[in-house]
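Here are a few notes to read alongside the model.

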Amino acid sequence: MSELGGTSALVVGGAGFVGGNLVRELLVRDAARVLVVDNLLSAERENVPDDARVEFVEGTIADDAVLGGLDDEFDNVFHLATYHGNQSSIADPLADHEHNLITTLKLFERIKDFGRIRKVVYAASGCTLAPHTYGDAEAVVEDGPVPLDLDSPYQISKVVGEFYSVYYHRQHGLPTVRARFQNVYGPGEILGAGRWRGTPATVWRNVTPAFVYRALKGMPLQLENEGRASRDFIYVGDIVDGLLRCATAGEPGDVYNLASGFETSIRELAETINRLAENDAGVELLPARDWDRSGHRFGSTEKAQRVLGFEARVPLEDGLARMIDWMRAKMSLIDACVHRHARHMAGSAVGDGVEVEADQPVEA
């Protein structure tokens, strides 16, 4: 039996892209019970597995009624809930504070005295700590400096969430482990999932699914600043493995990068996706985003490999091929979610490809 066999887990944000994949893997590894709490702000109910071992609560973990329903019955807690994305947080900093930070503080305060918990794994942001450079990037290590000059309320909230993780471990003995994500991609991310969050990033939420969607529709892939920026892309299955290793082998109070360790430019990503999807539409050049100074970045893998035995195993091209197949198979669901926001997208430079249908209901 798996090391996680017979255990009980709380997954906050478990209907999301990473959360849904994590829940499915917990079931594969013989977890006895998984409680998913998600308000579906940026997720879809379809991502929650239909399994007798899974219980779903629709609501925010910041709701006192939801928190009051939690008992000391979990072996592991995975806190993945977030207010999705930099651009949404810039459009509405107060909503970001409510859904990205208050959630963390109230969850930790509720469970700080629970005695059964083995680990609380907090999803942190690797991009937040990367230096602002378009020069030669160096692998970002876990114990490097924490900058005060950040690009978005989202990044601020994720750093403060790490501060609270460290504080609750030191002050209350809560066994928190911080998992710093790089750019996660793969099956399960639904463009347009959830409710409108103030900007077209509600639909074009991450670069990889946006590129795949447009490629499958035969549209040009939109490159900001000529696609000069680079990122560390990591397959969702590898991220899930890293999260579970944080739960089983992570040192309470510590932090680990979940990264591939490889740097890929956005232009390279676009060209690879167009080739794999057999899209001849090429690329379309857009201006640079005025808020984004992140430039070139990738994460160090040394500590996670040494302590957790973690290593990203799915090469980018293989992962993209799996993602393309998944999105092609799920296109009717994705289209429905994308079109839900069509009227909000009208007139946007990045709204190209989201058509308004006369009889299509649109959520606010």
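1. First, a term: buried means under 20% relative accessible area, exposed means over 50%, and partly exposed is in between (1.4 Å probe, protein chains only). This is a predicted model, where local features need pLDDT of at least 70, side-chain atom pairs count only at pLDDT 80 or more, and totals for chains, interfaces and linings use all residues. Residues are numbered from 1 along each chain as its sequence is written, and side-chain values use heavy atoms, with hydrogens and water left out.

2. Now the salt bridges (a side-chain nitrogen of Lys or Arg within 4 Å of a carboxyl oxygen of Asp or Glu). The count comes to 25. One of them pairs Arg 29 with Glu 25 at 2.9 Å, N to O. Arg 29 is partly exposed at 23%, and Glu 25 is partly exposed at 25%.

3. Have a look at Arg 180 too: its closest N–O distance to Glu 162 is 2.9 Å, in another salt bridge. Arg 180 sits in strand S6 (residues 176–181) and Glu 162 in helix H5 (residues 153–172), so the pair ties together parts 18 residues apart in sequence. Helices (H or I, at least four residues) and strands (E, at least two) are DSSP runs, numbered from the N terminus. Arg 180 is buried at 4%, and Glu 162 is buried at 6%.

4. Back to Glu 25 and Arg 29: shared partners link them with Asp 241 and Arg 245 in one salt-bridge network.
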